Amino acid sequence: AQVIWIIFRPGSCPISPFANMPAESDFKCAVDKDNKSTELPLLRVCGTVQQNPHMRAFWASTISFFLAFLGWFALAPLGLEVATSMGVCENQLYPPADNPKRVAYLKYKSLKTGETYCKYGKNDDVNPTDCNPVPAGTADATQYQPEVLAKCVCTPGTECKGILANAGVASVASTIFVRIALGTLLERFGPVNVQSGLMTFGAFWVAMAAAISAPWNYTLIRFFIGCAGATFVTNQFWCSLMFSANVVGTANATAAGWGNLGGGVTQIFMISVLFNPMVNSGMPADTAWRVAMIVPAALFLIVAAAMKFLCWDTPTAKRFDVSVTGKTQKPSLWDYVVVLKDIRVVVMIFQYSACFGTELAMNNQLATHFRTYFQMDAADASALAGAFGLMNLFARSLGGIISDVLFKYVGFRGRIWAQFLALFFEAIFLFCFGMVDNSQPWYVALAVVICFSLFVQMAEGTSYSIVPFMNREQLAVVSALVGAGGNLGAVIAGFCFYKPINDPLLPFLVHAGYVMFWALLTPCYYWREHGGMFHGPAVKTPKATEESTDTTV
């Protein structure tokens, strides 16, 4: 209750129970001895940048990451429209009249009418090669019903599905390299310059999406748009510079969670707010999705300019200096080697690949899965897929809050148990989602998606509640590597689970096993000063010291 009070308390700034704010301070938020905010008052946005650098940084990092996510996955719900424009749908590449025996056609069944492409059934239920012939004495001229097929057949095993999957993987793969590089770039240029630069770069490529004409430039453009996903690293690093140990878990989780919310909003925004109204007003579908892509590009530029001129890197300085983190040496590539020698960091990288990587994979997969496997229209499919991302409204923050509360009452082992339980139940519900077939009502899939998403987002929040405590001097590098691990998880899921397996449900089951494997490695976390999952700290530290910024930045 105390954490929630700290977050939502509006009005003026009386000192919180954790504060150590000098009387002469002009900050709008209560701060500790390092001028980091000890509270997260979401509605307190007044004051100059000198008076309120903490909440300006919080909202700038949140909004920029939200828009980056929106633009990053804007093409995902429009996938079938883009495929149609590129001419890569199965029934465009292989017209049914000339190629009646394509496997994608033979397996096709309309869920709305119950009719199948093979009017009299197929010759093999698992690996068909043709439809059964017209029975003797029947007046039908053919055993095929091409009119049953969807406008764009893009089911598993088709070239269309492969193109969309490759582009989806490319969009998350590029972010791996940029996120890793940000560990050094943030230390050299600071959060404001890095975030503004990423948003400006992303704006250009999001706008260029309107010119997509072929699979090669579709994949290339999605690859470069993916660079905007690296804004997450800045989001977490910036908040860690601004908020104290008692609330940093909640601040990081809320900023990232509301940023991730863009992945859910874009599923609905691009279809129901932009694309469908344009088509309904008479604009051709091929033009409508291209015009729709200009909107997020413009928003990118507006936010980039606002951050550059209205925000500071740290509570007391316009530009970041590495001495703030206690680091005495200049940034170098060797820092990455030093950090990766720590097995706990490696485990965290892959645990984050199992939660944030899963979210990225779902952002790429769910809308198309609902449209092709459940045969929903674009608006309904995007609404169900959007429900997954919309859980970020509170779920990631909930993970951070639970981690902070357990830390307060149980100590650091509380953060580790929160991490384990979130990943464990994520794996359980992902497996359950893989068991929901298209014979069941859509609301069954929705219910499982909501439960699954709840624990995915909570695991992300609990992960970055631990990250600030892992290596204080190398926080930027650790944040970058763990963030890159999330994208690595999406690449692993795309190439190892969703692309090579042609079954529509089996990839989800295999993915669940991957998540469970890394969840079971949580006992690897142990620090002498913090303890581990089953042990308290070997070095006794006063409670006041644990709550100070000596353990985090």
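Figure 1. The model is predicted: local features need pLDDT of at least 70 and side-chain atom pairs count only at pLDDT 80 or more, whereas totals for chains, interfaces and linings use all residues. Residues are numbered from 1 along each chain as its sequence is written, and side-chain values use heavy atoms, with hydrogens and water left out. Phe-356 is placed in helix α13; helices (H or I, at least four residues) and strands (E, at least two) are DSSP runs numbered from the N terminus. Contacts of Phe-356 beyond four places in sequence are made with Phe-69, Trp-72, Arg-179, Asn-260, Arg-396, Glu-460, Gly-486 and Asn-487, where contact means heavy atoms within 4.5 Å. The C-alpha atoms of Phe-356 and Ala-490 are 7.9 Å apart, although 134 residues separate the two in sequence.

**Figure 2. The nonpolar cores and Phe-243.** A nonpolar core is a set of buried Ala, Val, Leu, Ile, Met, Phe, Trp, Tyr and Cys residues joined through side-chain atoms within 4.5 Å. The largest such core holds 158 residues, and Leu-75, Ile-212, Tyr-218, Phe-243, Met-293, Phe-370 and Met-470 have the most contacts inside it. Helix α6 (residues 159-208) gives the most to this core, contributing 18 residues. Another core lies apart from it and has 11 residues, including Tyr-105, Tyr-108, Cys-131 and Leu-149. With residues up to four places away in sequence not counted, Phe-243 touches Lys-36, Ser-37, Glu-39, Leu-40, His-54, Met-55, Phe-58, Val-248 and Ala-251.

**Figure 3. Helix α3 and its packing partners.** Helix α3 spans residues 79-86 and is mostly covered, with six of its eight residues buried. These buried residues are Gly-79, Leu-80, Glu-81, Val-82, Ala-83 and Met-86. They pack against α4 (90-93), α6, α7 (215-225), α9 (248-280), α10 (285-292) and α13.

**Figure 4. Two loop residues with positive phi.** Most residues other than glycine have a negative phi. Asn-35, in the loop between α1 (2-8) and α2 (53-72), has a positive phi near 65°. Its relative accessibility is 24%, so Asn-35 counts as partly exposed. Gln-375 lies in the loop between α13 (343-372) and α14 (378-390), and its phi is likewise positive, at about 55°. Because its relative accessibility is 14%, Gln-375 counts as buried.

**Figure 5. The whole protein as context for the close-up views.** The protein contains 20 helices and two strands. Its C-alpha atoms fill a box of roughly 95 × 50 × 45 Å along the principal axes. Of the 553 residues, 59% are buried. Among contacts with a separation of 6 or more, 75% join residues 24 or more positions apart. The side chains include 36 positive and 34 negative ones, and the centres of the two sets lie 6 Å apart; Lys and Arg count as positive and Asp and Glu as negative, without His and the chain ends, and each charge is placed at NZ of Lys, CZ of Arg, CG of Asp or CD of Glu.

Key
Buried means under 20% relative accessible area, exposed over 50%, partly exposed in between (1.4 Å probe, protein chains only).
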